[in-house]
Amino acid sequence: MCIRDRWYQRRVHGENRIYFCDKLIMKPIQLRGHEKPVNLVKFNLDGDLFFTGSSDKKINVFYSYSGERLGSYHCRGAVKSFDLTDDSKYVVSGGLEGTVEIFQVNGGQLLATLPFSNAKIKQVEFSYGDKQLLVLAEPFARGKDIEVRIYSFDVIAKLIEANKSSEALLLKQDSTDYLLEILPFKKTLLQVSWGFLNKTLIAATESAELFIMDTKGKVLKSVQAHEAFMTSFTIAKDFSMLITSSKEGCKVWDPETLECTRTFKQEVQMNTVAISPLVYDKKEPRYHIIMGGGVPSREAARTLMGGFEIHLCNLLVEEELGTISGHFGPVNSLAFFVDGRGFVSGGEEGTVRIFRFDKSYFEDESFK
């Protein structure tokens, strides 16, 4: 794959906007909308917008095609996690200072806050269908149980719509009106996600234990996924595979049996992995994943190995097809465009990069 420096400029509504031409590229566009590390990149369901969350207490929203920034949602603390409803009406953020905030996507108005006492929010995630909201809260004090809380977002949305005040609605973390479940854990959870049809939860610990549990917290299956610590996992849209990233690389798992089916070893730590939507395409299938990471920032000054490239790998033959450079710090998050013809990356250095695959990606036999 080649990187071309071709671009063109149009004047629209009195503003100069830079566009990239699909026929000419793989052309990277670098966006500088954050001052601190970018922790998460995510597209909305339609794919016309993508959002970036950062430690600078801000979520930015961009047009997917042009990379133009539409606006920002200012949060109380560093944004570790956020999620969107399928209709792109609400965006929910989780702050490390301990507050869940609900914003209106169109306009950026803060609609509601859900403060947690003495706990930081590591993750927020909507269930499939957006009826429930999962919150992973870790206490500041050592020795206390980490909690997975499940809230009824249907009830919260009705309360927001009924709120006639100009002030944001203040929600209570223990209110039985919308709190459905509290699942306490002794182990330090890294990530929790909804399973198939919202009937199960898939969770991972920082010590690389991967397990499936029901919505009441009963563990159904578990496995030691990696020898070293785990950094993240991602689940395919059709639940056909689950991929974990760690210090030693990435592994592909069967989400039902937790059987390891593929292993991609790397010399440096991998922080994130994304599955191409073209895996499910019948006309132009591309059984590819991308993974990124690098030497942690605190260790980068003491080693010559950076490893900040993004790795493109083939799932079928279990081999790496190539690397894509550009970031000068660890890659923290990756997300494919919904059409699978490119991806967006977020790095520790605070930059966001947009990549579109050029024609060779679809014409070259080596990429099939």
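Visitor: Which residue in S31 does Gly-346 stand opposite?

Guide: In this predicted model, Gly-346 stands opposite Val-352 of strand S31. The two strands, S30 and S31 (residues 352-356), run antiparallel and are joined over five bridges.

Visitor: What makes S30 and S31 count as paired?

Guide: Pairing asks for at least two bridges between the strands, and S30 and S31 have five, so they count as paired. They form a hairpin with four residues between them, and in its turn Gly-350 has a positive phi of about 95°.

Visitor: Which strand is joined to S30 by a further set of five bridges?

Guide: That is strand S29 (residues 331-336), which runs antiparallel to S30. Phe-336 has Phe-343 in S30 as its bridge partner, and the hairpin of S29 and S30 has five residues between the strands, with Gly-340 taking a positive phi near 75°.

Visitor: Why is S30 called largely enclosed?

Guide: Six of the six residues of S30 (residues 342-347) are buried, so the strand is largely enclosed by the rest of the structure.

Visitor: Why is Val-317 called partly exposed?

Guide: Partly exposed covers values between the 20% limit for buried and the 50% limit for exposed; Val-317, with a relative accessible area of 49%, is therefore partly exposed. Val-317 lies in the loop between strand S27 (310-314) and strand S28 (319-324), and together with Tyr-287 and Leu-316 it forms a nonpolar patch on the surface, with about 270 Å² of accessible area.

Visitor: What makes the meeting of Lys-122 and Glu-206 a salt bridge?

Guide: The nitrogen and the carboxyl oxygen must lie within 4 Å, and for Lys-122 and Glu-206 the N to O distance is 3.4 Å, so the pair qualifies. This pair links distant parts of the chain, with Lys-122 in strand S12 (residues 119-126) and Glu-206, 84 residues apart from it, in the loop between strand S18 (200-205) and strand S19 (209-214). Lys-122 counts as buried at 12% relative accessibility, whereas Glu-206, at 38%, counts as partly exposed.

Visitor: How do you know that Glu-209 and Lys-187 form a salt bridge?

Guide: Their closest N and O atoms are 2.5 Å apart, which falls within the 4 Å cut-off, so Glu-209 and Lys-187 meet the criterion. The two are 22 residues apart, Glu-209 being in strand S19 and Lys-187 in the loop between strand S16 (179-185) and strand S17 (189-194). Glu-209 is buried, with a relative accessible area of 15%, while Lys-187 is partly exposed, with 44%.

Visitor: Where in the chain do Glu-284 and Arg-341 lie?

Guide: Glu-284 lies in the loop between strand S25 (270-275) and strand S26 (288-293), and Arg-341 lies in the loop between S29 and S30. These residues form a salt bridge, with their closest N and O atoms 2.9 Å apart.

Technical notes. Residues numbered from 1 in each chain as written. Predicted model: local features only at pLDDT ≥ 70, side-chain atom pairs only at ≥ 80, totals over all residues. Heavy atoms only, no water. Buried < 20%, exposed > 50% of the residue type's maximum accessible area, 1.4 Å probe, protein only. Patch = residues over 30% accessible without salt bridge, like charges linked within 9 Å, V, L, I, M, F, W, Y side chains within 5 Å. Areas by Shrake-Rupley, 256 points an atom, 1.4 Å probe, with all protein chains shown as cover. Salt bridge = Lys/Arg side-chain N within 4 Å of Asp/Glu carboxyl O.
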